[in-house]
Amino acid sequence: MSLRRVSSVSDLAQVARDAVPAVLREFLGLAATEAAGADAATARSSDVELCATVPLAGPEASGHVCLRLARGFALLALRQLHGGSPSGSFEEHEVRDFAGELCNLLAGRVAAELARVGEVCELGVPEVVIGADTLVAGRPAGGTTPSDPSPASALRSCTIWSCAGHRLTLDLRQYRRLT
Amino acid sequence: MTPTILSVDDSQTVRRILRRLFSPFVCDVCDAANGEEGLAMAAQRKPDLIILDHNMPVMDGVTMLRRLREDPNLKRTPVIMLTAEAGCENIATVARLGVRDYVTKPFREDQLLAKVGRLIPLVPRPVDASAGCQSP
């Protein structure tokens with residue numbers, strides 16, 4: 001689906017639907033399908049979850065790309081990336097680094113799609129924390145902080161994905177500056 | 001003479017991927033986690049090629065690139081820019097700074113190897129040589 005501009009939650013969700021399967025396929029060679037329904041929304045992973053956030057900042061809007069994933073998925077992906085050795089072990093900082101880089105790649109794809117419809121933005125650097133219920137309000141590129149958004153100028157889309165037996169959640173938030 | 005590749009990326013995941021990517025070839029790979037470390041490493045190792053991430057903490061890729069171009073010993077070092085952002089403005093900016101090529105992440109390994117191979121010789125390691133990439 002080709003967007004003309006991002007003006008609704010469904011538009012933002014479409015950005016996610018374009019970005020997630022493509023990045024997971026290109027980066028990891030894994031297929032991802034969107035989960036749907038109440039079960040997807042309420043289901044909780046029993047695994048330790050990581051939350052990676054990349055801030056976006058542009059002249060007209062700012063926002064965040066927030067990715068939640070299970071530690072088990074990160075380990076699987078690292079084994080996939082580094083030669084596929086099933087016995088490979090990884091240190092915690094490598095797991096966190098992977099989560100940050102995957103979020104960075106998704107944010108890049110989101111930014112590219114937003115730029116395509118005229119909403120140019122820059123990426124900040126990823127922040128990663130342990131825990132699924134945390135959003136890090138990272139400092140966007142350029143050192144500026146997003147303006148406090150009013151509800152009327154904020155869009156949020158949360159999509160849940162299944163990949164290699166694990167659940168990933170992509171939370172996109174866009175705060176449009178009031179003119 | 002064995003070429004030296006310097007990879008500069010804040011992501012250890014990416015640095016590790018690049019080491020693995022070049023391990024079948026006769027080359028030395030060194031890496032750095034940000035532009036500041038990258039400049040120090042470049043001054044020390046005089047790489048034949050720099051693979052440089054665009055967005056990094058401490059010092060980003062564009063700033064490192066500008067500093068490289070100011071250094072008479074390093075200004076001619078070919079640079080391939082890596083980035084998750086594919087915006088035209090970024091491409092135009094780094095093109096003006098003399099980046100030889102530009103790769104969007106996630107990159108296809110065969111495409112990156114082809115781009116690197118156009119800038120430095122990539123000679124396969126003999127099969128019976130020790131595995132892995134040499135590093136300092």
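Author: Start with what covers the buried residues of α3(A): the cover includes α1 (9-28), β3 (61-70), α4 (92-116), β6 (154-163) and β7 (166-176) of chain A, together with α1 of chain B. This is a predicted model, where local features need pLDDT of at least 70, side-chain atom pairs count only at pLDDT 80 or more, and totals for chains, interfaces and linings use all residues. Residues are numbered from 1 along each chain as its sequence is written, chains are lettered from A and ligands numbered from 1 in the order in which they are written, and side-chain values use heavy atoms, with hydrogens and water left out.

Reader: Which residues of α3(A) are buried, and what makes a residue buried?

Author: Helix α3 of chain A spans residues 71-81, and its buried residues are G72(A), F73(A), A74(A), L75(A), A77(A), L78(A) and L81(A). Buried means under 20% relative accessible area; exposed means over 50%, and partly exposed lies in between (1.4 Å probe, protein chains only). Helices (H or I, at least four residues) and strands (E, at least two) are DSSP runs, numbered from the N terminus.

Reader: How many helices and strands does chain B have?

Author: Chain B has 5 helices and 5 strands. Along the sequence they read β-α-β-α-β-α-β-α-β-α. Of the 136 residues in chain B, 51% are buried.

Reader: Why is V29(B) called buried?

Author: V29(B) has 1% relative accessibility, so it counts as buried. V29(B) lies in strand β2 of chain B, residues 28-32.

Reader: What makes β1(B) and β2(B) a pair?

Author: Two strands pair if DSSP finds at least two bridges between them. Strand β1 (residues 4-8) and β2(B) have 5 bridges, in the parallel sense, so they pair by that definition. One of the partners in β2(B) is D31(B), which bridges to S7(B).

Reader: How do you know that D31(B) and R19(B) form a salt bridge?

Author: The rule asks for a side-chain nitrogen of Lys or Arg within 4 Å of a carboxyl oxygen of Asp or Glu. For D31(B) and R19(B), the closest N and O atoms are 2.9 Å apart, so the pair passes. D31(B) lies in strand β2 and R19(B) in helix α1 of chain B, so the pair ties together parts that are 12 residues apart in sequence.

Reader: Are these two residues buried, exposed or partly exposed?

Author: Partly exposed. D31(B) has a relative accessible area of 22%. R19(B) is at 22% as well, so R19(B) gets that label too.

Reader: What about D101(B) and K115(B)?

Author: Their side chains meet in a salt bridge at 3.1 Å, N to O. D101(B) is in strand β5 (residues 101-104) and K115(B) in helix α5 (residues 109-117) of chain B, so the pair ties together parts that are 14 residues apart in sequence. K115(B) is buried, with a relative accessible area of 18%.

Reader: How big is the area buried between chain B and chain A?

Author: About 1700 Å², of which carbon and sulfur atoms give 53%. Buried area is the accessible area (1.4 Å probe) that two parts lose on being put together, summed over both. In contact are 16 residues of chain B and 24 residues of chain A. T13(B), R16(B) and P106(B) supply 32% of the area that chain B buries against chain A, more than any other three residues.

Reader: How many salt bridges cross this interface?

Author: The rule finds 2. R16(B) and E94(A) meet in a salt bridge at 2.3 Å, N to O. Helix α1 (residues 12-22) of chain B gives the most to the side of chain B that touches chain A, with 6 residues.

Reader: Which residues are linked in a network of salt bridges?

Author: E101(A), D9(B), D53(B) and K105(B) are linked in one. Over all chains, the structure holds 15 salt bridges.

Technical notes: Contact = heavy atoms within 4.5 Å.
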